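Welcome! Let's take a friendly walk through a protein structure and look at what its side chains are doing.

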Amino acid sequence: MALVQCQEIEYLFSKSFIFAISEKQQKKYKTFNDFFKGWEKKTIGGLIYAMQEAFEIDTEIKNALTLFLDMRNQLVHGVTITPRYDINTDWGQRELVAFLDLFLSLCSPIKDIAASSFEISIEIGNRYLLEESDEKVPLKNSDELLGLFINCFKLEESDVG
């Protein structure tokens with residue numbers, strides 16, 4: 001379950017933020033297709049770093065993203081081979097269950113933030129990047145997701161194009 005949550009969060013973030021990338025990121029890409037290809041190749045750490053270049057992120061959200069990234073990396077890169085979480089011992093199994101429980105609790109709000117970023121990106125794409133005859137991407141249009149995005153991210157005005 002924890003790996004599925006990681007993959008869903010990474011997918012949502014990798015499809016977001018086309019409307020607001022920093023000047024540094026803009027220099028890396030010539031076209032939208034270049035951007036999409038490059039953005040999809042970024043690690044979750046690279047995505048979070050690029051988001052921080054373009055946005056002033058609420059301190060609590062920044063801390064949650066950092067904790068998510070640290071725990072995600074620990075999970076993906078071998079949590080069960082560390083002495084503390086050794087699955088061959090009773091102690092390690094209990095510690096691992098506690099780690100996974102905490103991680104899954106953290107994933108829920110992070111996934112909501114990622115979903116809000118994705119929905120805002122799709123909405124802006126629907127409004128400003130498509131021709132009138134183009135088929136729009138259907139959205140939930142949730143005021144809660146919009147509000148969440150607005151509360152988490154403030155554009156860095158001087159650095160975004």
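## Charged partners

A salt bridge is a side-chain nitrogen of Lys or Arg within 4 Å of a carboxyl oxygen of Asp or Glu. Keep in mind that what you see here is a predicted model. Side chains of opposite charge can pair when their charged atoms come close. How many salt bridges does a search of the whole structure find? The search finds three.

Let's start with lysine 111 and glutamate 8, whose side chains form a salt bridge with an N to O distance of 2.2 Å. Lysine 111 sits in helix α6 (residues 90-129) and glutamate 8 in helix α1 (residues 2-14), so the bridge links distant parts of the chain, 103 residues apart.

## Two more bridges

Helix α1 also holds glutamate 10, which forms a salt bridge with arginine 72. Their closest N and O atoms are 2.9 Å apart. Arginine 72 belongs to helix α5 (residues 59-76), and the two partners are 62 residues apart. Arginine 72 has a relative accessibility of 12%, so this residue counts as buried.

The side chains of glutamate 95 and arginine 84 form another salt bridge, at 2.7 Å from N to O. Glutamate 95 is in helix α6, while arginine 84 is in the loop between α5 and α6, eleven residues apart. With a relative accessibility of 15%, glutamate 95 counts as buried.

## The nonpolar core

In soluble globular proteins, nonpolar side chains tend to be buried together. In this model, the largest nonpolar core has 37 residues. Which of its members touch the most other members? They are Phe13, Phe17, Phe68, Phe103 and Phe153. The elements that give two or more residues to this core are α1, α3 (32-41), α4 (44-54), β1 (55-57), α5, α6 and α7 (143-152). Helix α6 provides the largest share, nine residues.

Take a closer look at phenylalanine 13. Leaving aside residues up to four places away in sequence, phenylalanine 13 touches Trp39, Ile44, Leu47, Met51, Leu65, Ile110, Ile113, Ala114 and Ser117.

One of the contacts of phenylalanine 13 is serine 117, which is found in helix α6. Its relative accessible area is 0%, so serine 117 is buried. Beyond residues up to four places away in sequence, serine 117 touches Phe13, Ser16, Phe17, Phe149 and Phe153.

Now find glutamine 5 in helix α1. Buried means under 20% relative accessible area, and glutamine 5, at 19%, counts as buried. Again not counting residues up to four places away in sequence, glutamine 5 touches Leu104, Cys107 and Lys111. Lysine 111 is also the salt-bridge partner of glutamate 8.

## The two sides of helix α7

An α-helix has 3.6 residues a turn, so residues three or four places apart point the same way. Where are the buried residues of α7? Leu145, Phe149 and Cys152 are buried in this helix. They cover an arc of only 75 degrees around the axis, which puts them on the same side of α7. On the other side of α7, Asp143, Glu144 and Asn151 are exposed.

Cysteine 152 lies 8.8 Å from glutamate 60, C-alpha to C-alpha, although they are 92 residues apart in sequence. Glutamate 60 is in helix α5 and is exposed, with a relative accessible area of 64%.

## Aromatic rings

A pair of aromatic rings is described by the distance of the centres and the angle of the planes. The structure holds seven aromatic pairs. In one of them, phenylalanine 55 and phenylalanine 149 are edge-to-face, with 5.9 Å between the centres and 90 degrees between the planes. Phenylalanine 55 lies in strand β1 and phenylalanine 149 in helix α7, so this pair ties together parts that are 94 residues apart in sequence. Both residues are buried.

Phenylalanine 149 also pairs with phenylalanine 153; this pair is tilted, at 4.9 Å centre to centre and 35 degrees between the planes. Phenylalanine 153 is buried as well. Elsewhere, ring pairs link Phe68, Tyr85, Phe99 and Phe103 into a cluster.

Notes. Residues are numbered from 1 along each chain as its sequence is written. This is a predicted model: local features need pLDDT of at least 70, side-chain atom pairs count only at pLDDT 80 or more; totals for chains, interfaces and linings use all residues. Side-chain values use heavy atoms; hydrogens and water are left out. Helices (H or I, at least four residues) and strands (E, at least two) are DSSP runs, numbered from the N terminus. Buried means under 20% relative accessible area, exposed over 50%, partly exposed in between (1.4 Å probe, protein chains only). A nonpolar core is a set of buried Ala, Val, Leu, Ile, Met, Phe, Trp, Tyr and Cys residues joined through side-chain atoms within 4.5 Å. Contact means heavy atoms within 4.5 Å. The arc is that of the directions from the helix axis to the C-beta atoms. Rings of Phe, Tyr and Trp (its six-membered ring) pair if their centres lie within 6.5 Å; planes under 30 degrees apart count as stacked, over 60 as edge-to-face and the rest as tilted.
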